[in-house]
Amino acid sequence: MTYIAKPKFHHPQLPRNALGLTHRDYEGSISTLCAGCGHDSITAAIIEACFELSLPPHRVAKLSGIGCSSKTPTYFLGNSHGFNTVHGRMPSVLTGANLANRDLIYLGVSGDGDSASIGLGQFAHSLRRGVNMVYIVENNGVYGLTKGQFSATADRGSKSKRGVVNTDASIDLCALALQLGATFVARSFSGDKQQLVPLIKAAIEHKGAAFIDVISPCVAFNNHPGSTKSFDYVREHNEAVNYLDYIAPRAPIKIAYEPGTVQIVEQHDGSKLALRKLAADYDPGDRIGAMTFLQTHAAKGQIVTGLLFVDPEPEDLHTHLNTVDTPLNALGEKDLCPGAAVLEKINASLR
Amino acid sequence: MPKPSPISSVNDFVVRFANVNGSGSASANELFARAVLRMGVPVAPRNIFPSNIQGLPTWYEVRISEAGHLGARGGTDLMVAMNPQTWDKDVAAIEPGGYLLYDSTKPLPAAKFRDDITVIGVPLTAICNREYTDPRQRQLFKNIIYVGVLSALLDMDVAEIEKLIGEQFKGKDKLIQPNIHALHLGRDYALNNLQCPLPIRLRKANAVGDRIFIEGNSAAALGALYGGATVCAWYPITPSSSLADAFTRYCARYRIDPETKKAKYAIIQAEDELASIGIVIGAAWNGARAFTATSGPGISLMQEFFGLAYFAEVPAVVFDVQRGGPSTGMPTRTQQSDIIACAYASHGDTKHVLLFPEDPYESFEFGALAFDLADRLQTPVFVMMDLDIGMNHRLCKPLTWDDNRKYDRGKVMTAADLEAGKEFGRYLDVDGDGIPYRTYPGTHPTRGAFFTRGTSRDRYARYTEEGAPYADNMQRLLRKFETAKDLVPRPVQANAGKPTKYGVIYYGSTSPAMDEAIQMIEARGHHLDRLRLRAFPFHSSVSSFIADHDFVFVVEQNRDAQLRSLIVNECGIDPVRLVPILHYDGTPITARFIARAIGDHLDALKVTPLRKLVS
């Protein structure tokens with residue numbers, strides 16, 4: 001409950017990162033979600049990723065829409081500005097914020113109702129514009145706050161808690177993101193921290209539109225037999241194509257990999273993504289191949305997870321608009337106002 | 001009925017061109033209007049155009065008035081009838097004693113004309129066919145040829161027209177001579193075959209002064225440029241698209257860093273109006289000045305976001321170039337019918353700041369001011385333009401800018417403030433004016449971060465569903481709106497020459513017609529004090545103006561007397577004291593309409609009330 005203040009004490013030996021901060025410095029207030037909610041695991045993964053990357057918390061702006069998932073930004077990065085916008089409209093607000101200050105890290109958190117139903121348009125257009133952001137959908141296939149209605153990512157044929165069978169085709173947000181030109185597309189599972197944390201780190205460091213669909217079971221309304229978004233179902237049908245290690249620029253590769261099992265993807269900024277391949281034939285540099293792979297496995301009822309696609313040399317919206325390096329919100333009269341003499345000339349041209 | 005004598009007038013008449021949309025007539029017609037202006041005679045042109053790209057009827061009306069009346073007058077003295085589709089309607093629209101210029105290449109039956117007007121036939125098609133072989137040239141030059149005919153009929157300064165053609169095609173110089181040639185084809189035909197000039201004609205004057213000729217949308221875009229807007233998000237919609245287009249053009253010219261060639265602005269054509277306003281709110285939350293330009297349907301779509309910006313207190317500037325509603329309504333016609341939709345936009349208790357520019361000059365002024373107000377008040381500000389101001393060239397005062405002017409970024413706590421230990425509560429009313437302090441994201445590592453939300457919260461931006469802090473916040477928002485009353489532009493009052501019991505309130509594009517109507521009403525022996533409203537919330541002088549008069553007319557361009565309702569509601573005025581004068585057929589309001597409506601009302605009062613008047 002948010003009115004219970006979170007105790008500030010922590011173990012003196014708690015590990016510190018390069019900024020001298022501990023995990024606790026990346027936390028927010030106590031979660032008000034249900035005990036066991038997948039979303040809380042994602043919150044923990046975000047905290048872990050930001051801690052490990054030694055991000056100054058105040059340089060992250062966290063934005064969300066409306067719904068259970070969109071509440072979570074309150075539960076991490078308490079020293080960051082947050083914006084809980086309106087239902088399905090986080091992407092446009094994030095786009096505007098990003099235009100105003102290109103120097104911050106933008107973390108958008110949304111849900112399947114927020115992004116696949118009411119906000120499908122904004123989801124699509126923010127990705128096709130290449131907004132430099134991390135866009136996480138905490139995907140549980142149901143509307144939790146309104147008591148368990150199907151969302152648009154619920155699979156056809158899956159059953160609701162009350163036994164109703166979903167007859168509508170489901171929307172695969174990763175497939176859409178690939179088609180729309182997102183330059184980083186991943187899927188993971190809230191119960192698989194090992195896979196999720198490095199994906200979030202890589203997405204944060206990615207200088208373009210990064211999308212992560214995280215299957216995150218709803219313990220209250222979608223964790224029963226017949227659901228395809230339950231803990232049990234996802235564990236049984238998880239088809240992980242790879243696991244990832246994010247290696248910061250200039251950092252040595254410390255982990256010993258079995259030869260032939262690791263693919264190193266070098267990023268524009270010098271960072272590396274070490275992919276431990278699980279599906280031998282999977283190439284995360286092949287957008288069209290990724291789309292086919294997703295569809296083929298979806299048809300078999302499998303949930304493909306891992307880094308599905310990455311463009312190591314992405315372009316972002318600021319590149320397309322050719323905006324100045326200084327954040328637009330830092331420009332003043334001198335930069336922006338052409339002045340009285342120019343206005344005189346404009347007047348003269350209008351006579 | 002005796003045949004009326006031909007209208008005779010120097011520098012005071014209305015020419016209307018009836019054309020087919022997409023036939024290239026617009027630039028020829030504008031050339032005509034500009035040529036009149038160059039003779040020192042004020043003009044007020046108006047496009048009456050369809051929602052169509054090619055083929056439907058379009059009109060261009062040029063009111064010529066040395067006296068300087070820039071409102072639509074109503075009626076046509078000289079019709080240039082170039083569209084067979086609308087012939088009957090166009091001929092019928094000519095004032096008795098007026099003139100009809102038409103293409104006489106193909107003979108028309110006598111029944112197609114009127115005998116109370118002067119008919120002037122020029123075989124335009126025949127001239128074109130003789131001169132040109134290319135069908136496109138025949139079409140385009142026909143327009144210039146009729147301008148040549150008019151130059152002779154109206155005794156215009158042909159040298160000025162030639163000069164304008166030179167300016168128009170600067171850089172495409174090989175087009176200059178053919179256009180001048182076409183001009184003279186028409187002019188020579190008229191001089192050789194017609195009686196020139198007509199009793200209506202032009203004469204050089206000195207009535208334009210240093211005024212400029214600009215569309216309101218361009219002027220508003222300049223306001224945004226000068227006002228420091230860096231983010232613009234918009235969705236194409238008539239009649240506001242040309243505002244975003246103009247901003248794009250001016251930015252490309254004046255906002256490119258000379259060294260790096262990079263842009264000091266970001267313009268996004270969004271996927272819809274919801275995204276447009278979302279982008280604006282996101283950018284303004286993050287400390288940039290941002291705006292959108294839209295019209296009625298866009299305003300409807302943006303409602304939920306307006307509530308968020310009001311409640312979460314995020315600045316936003318919205319240019320609403322109003323058109324005929326409701327629904328798609330009359331997309332290419334003018335109205336002032338979004339007043340209520342904007343003043344109380346969104347669900348729940350909301351009130352928004354509106355500005356009402358009367359012309360391009362104020363579109364520029366208010367366009368720039370809106371950004372200061374939005375930042376100062378941390379709330380959406382609507383610049384309520386309309387199609388009549390936005391999409392027509394209008395003569396207005398030259399735009400001015402004081403180089404010492406500083407942007408008012410409002411109450412923003414800096415890293416230094418926070419470091420110095422200043423108390424920060426996002427929704428704390430520190431100064432008693434209802435306006436709290438805000439911080440931009442990324443300001444300080446450990447202080448000043450807060451969560452922005454549309455849900456209720458306490459003074460420190462902490463989520464709460466408790467009644468008391470919610471009510472406390474809503475009351476503070478009201479105090480803030482009170483503060484706004486003294487920050488927005490004051491009404492402009494003009495008193496009648498004599499003491500009078502009657503007043504009139506008006507706003508926006510009604511202004512020029514109202515100014516002219518006053519003279520006509522005075523000629524009928526009535527006097528009115530005038531109050532031109534320039535903003536909502538209403539300044540206290542609005543209530544006192546109403547209190548000072550027995551009753552006050554409220555002139556506006558919508559069906560439901562929206563501004564009147566707003567005054568009744570916000571100032572607690574007895575509705576019977578406010579007499580609505582409403583014009584809402586999509587055409588710009590005219591002085592004739594206002595003078596008739598108000599004049600008849602006041603005439604009726606003069607009748608000794610022995611028996612009850614039935615209206």
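Strand β6 (residues 94–103) of chain B has 7 of its 10 residues buried, so it is largely enclosed by the rest of the structure. A residue is called buried if 20 or more other C-beta atoms lie within 10 Å of its own, exposed if 12 or fewer do, and partly exposed in between, with C-beta atoms placed from the backbone.

The model is predicted: local features need pLDDT of at least 70 and side-chain atom pairs count only at pLDDT 80 or more, while totals for chains, interfaces and linings use all residues. Residues are numbered from 1 along each chain as its sequence is written, and chains are lettered from A and ligands numbered from 1 in the order in which they are written.

Helix α16 (residues 467–485) of chain B has 19 residues and reaches 28 Å from its first C-alpha to its last, close to the expected 27 Å, where the expected span is 1.5 Å times one less than the number of residues. Its buried residues are R476(B), K480(B), F481(B) and A484(B). Seen down the axis of α16(B), these fall within an arc of 150 degrees, so they line one face of the helix; the arc is that of the directions from the helix axis to the C-beta atoms. The face turned away from the buried side of α16(B) carries exposed residues, among them G467(B), Q475(B) and E482(B). The cover over the buried residues of α16(B) includes β14 (353–355) and α13 (360–377) of chain B, contact meaning that C-beta atoms, placed from the backbone, lie within 7 Å.

Where the two chains meet, the contact takes 57 residues from chain B and 48 residues from chain A. On the side of chain B that touches chain A, α9(B) gives the most, with 9 residues. Strand β2 (residues 81–84) of chain A runs parallel to β17(B), and 3 bridges join them; in this pair, N84(A) stands opposite R453(B).

A residue of chain A also reaches across to chain B. L94(A) lies in helix α3 (residues 90–100) of chain A and is buried, with 32 other C-beta atoms within 10 Å. Among the residues that L94(A) touches are L63(A), Y106(A) and G282(B), not counting residues up to four places away in sequence.

Chain A contains an open sheet as well, in which 3 antiparallel strands follow the order β10-β12-β11. Strands β10 (242–247) and β11 (262–266) of chain A stand at the edges with a single partner strand each, so one side of each is left without a neighbour in the sheet. Neighbouring strands of this sheet are turned by 20 degrees against each other on average, direction ignored. Axes are lines fitted to C-alpha atoms, for helices over the stretch in contact, and angles run from 0 to 180 degrees between N-to-C directions. β10(A) pairs with β12(A) (residues 272–277) over 6 bridges, and Y243(A) stands opposite R276(A). Helix α7 (residues 193–205) of chain A packs on the sheet, touching β10 and β12 of chain A.

Definitions and conventions
Pairing = 2+ DSSP bridges. Helix = DSSP H or I, 4+ residues; strand = E, 2+ residues; numbered from the N terminus.
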